[in-house]
Amino acid sequence: MPAPRTVLLTGAAGGLGTLMRSLLPEYGYTLRLFDARPVEGAPDAITADLGDREALREAVQGVDAVLHLAGISLEASFEKILKANIEGTYNLYEAAHEEGVGRIVFASSNHAVGFTPAPRAGEPPIPIDTPRRPDTFYGLSKSFGEDLAQLYWDRHGLETVSVRIGACFPEPTSVRMLSVWMSPADGARLFHAALTAGNVGHTVVYGSSANTRLWWDLGTARALGYAPQDDSEPYAAKLIAEQGELDPENPAHSHLGGHFVNDPPIWPY
Ligand code: NAI
Ligand code: 15L
């Protein structure tokens, strides 16, 4: 597809949305912003809920692609997840299909496969086609989003790259994060690759930096042209000194989803 120039960024007021608002324009994108909350410093942002189908329809009009970050990003009741993440993502796909948008980059999550045991030393990385094992209703909604994306590709020819993001924050803050971290700069590289690679159909990729302790296979991401530049290893000594090595007997240390498998952080709103 021709390089997208105008991209609808949903979830623009959130942590990742804020990072991408500052990084993606360097790649030449014009961003149209969408969030249920006002976006600081962006009076033109669309303030609307993913439940508002009319607002979504208007928001996608004329954009080349969507980077879909909006939604509940932690665990919540099934009812809340159903509304924001499942119905909300469906509403976005319907709007994009109706308005002829060619591609969506969907923020999936490692929590779609969170109950997968983390590879131990010497074991191969987790492949992208490992069976889904959501660790929460949140992870279940990301698994749904990946299936929804597949349906809209097969039925309507609407392309998606589903990015199973590890943890995208300025720095890794836990020993587990050393294995799943994606630096913000690599996040922008990966989203740019996902927005511009040709003929992606529905492609699922893991989203992380080239970490020395990486748990999964970045092959499908690299095939899009993604060339990660960062590695969490410089943070390892300090984090291990503070927190200790991962304990293979602790479920929160021995699954991809970390503490989401037994003590998930709860969405505060
Ligand atoms: P965040 O919680 O900081 O931001 C999410 C944004 O979505 C918020 O600004 C919120 O107002 C908005 N939102 C929530 N429900 C909405 C609704 N019904 N309608 C409109 N807007 C709504 O989350 P973060 O960290 O920025 O994550 C962005 C996306 O990436 C999320 O979908 C999350 O699940 C996914 N993700 C993020 C990871 C990370 O490391 N930051 C890791 C894996 C996945
Ligand atoms: C996610 O999916 C969350 O949205 C993010 O806040 C982090 O908790 C991340 O996963 C993680 O696995 O660390």
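**View 1. Polar contacts of ligand 2.** A backbone N or O atom of S73 lies 2.7 Å from an oxygen atom of ligand 2. The side chain of H111 places an N or O atom 2.7 Å from an oxygen atom of ligand 2, and a polar side-chain atom of R176 is likewise 2.7 Å from an oxygen atom of this ligand. Ligand 2 on its own has 320 Å² of accessible area, of which the protein covers 82%. A polar contact is a pair of N or O atoms within 3.5 Å; within protein, one must be able to donate a hydrogen and the other to accept it, and residues adjacent in sequence count only if both atoms are side-chain atoms. Accessible areas come from the Shrake-Rupley method with a 1.4 Å probe.

The model is predicted: local features need pLDDT of at least 70 and side-chain atom pairs pLDDT 80 or more, while totals for chains, interfaces and linings use all residues. Residues are numbered from 1 along each chain as its sequence is written, chains are lettered from A and ligands numbered from 1 in the order in which they are written, and side-chain values use heavy atoms, with hydrogens and water left out.

**View 2. The shell around ligand 2.** Residues surrounding ligand 2 (a heavy atom within 4 Å) include L74, N110, Y138, F169 and F260. The shell divides into 5 nonpolar, 5 polar and 1 charged. Ala, Val, Leu, Ile, Met, Phe, Trp, Tyr, Cys and Pro count as nonpolar, Asp, Glu, Lys and Arg as charged, and the others, Gly among them, as polar.

**View 3. Ligand 1 and its surroundings.** Ligand 1 is surrounded by 27 residues, the closest being L16, D35, S73, Y138 and C168. A polar side-chain atom of D35 lies 2.6 Å from an oxygen atom of ligand 1, and the side chain of S73 has an N or O atom 2.7 Å from an oxygen atom of ligand 1. The protein buries 90% of the 820 Å² that ligand 1 exposes when taken alone. Strand 5 (103–109) gives the most to this shell, with 3 residues.

View 4. Seven strands form an open sheet with parallel pairing, in the order 3-2-1-4-5-6-9. Strand 3 (46–47) and strand 9 (202–207) are the edge strands, each pairing on one side only. Helix 1 (residues 15–23) packs on the sheet and touches strand 1, strand 2 (30–35) and strand 6 (159–165). Its direction makes about 165° with that of strand 2. Two strands pair if DSSP finds at least two bridges between them; helices (H or I, at least four residues) and strands (E, at least two) are DSSP runs, numbered from the N terminus. Contact means heavy atoms within 4.5 Å, and axes are lines fitted to C-alpha atoms, for helices over the stretch in contact, with angles from 0 to 180 degrees between N-to-C directions.
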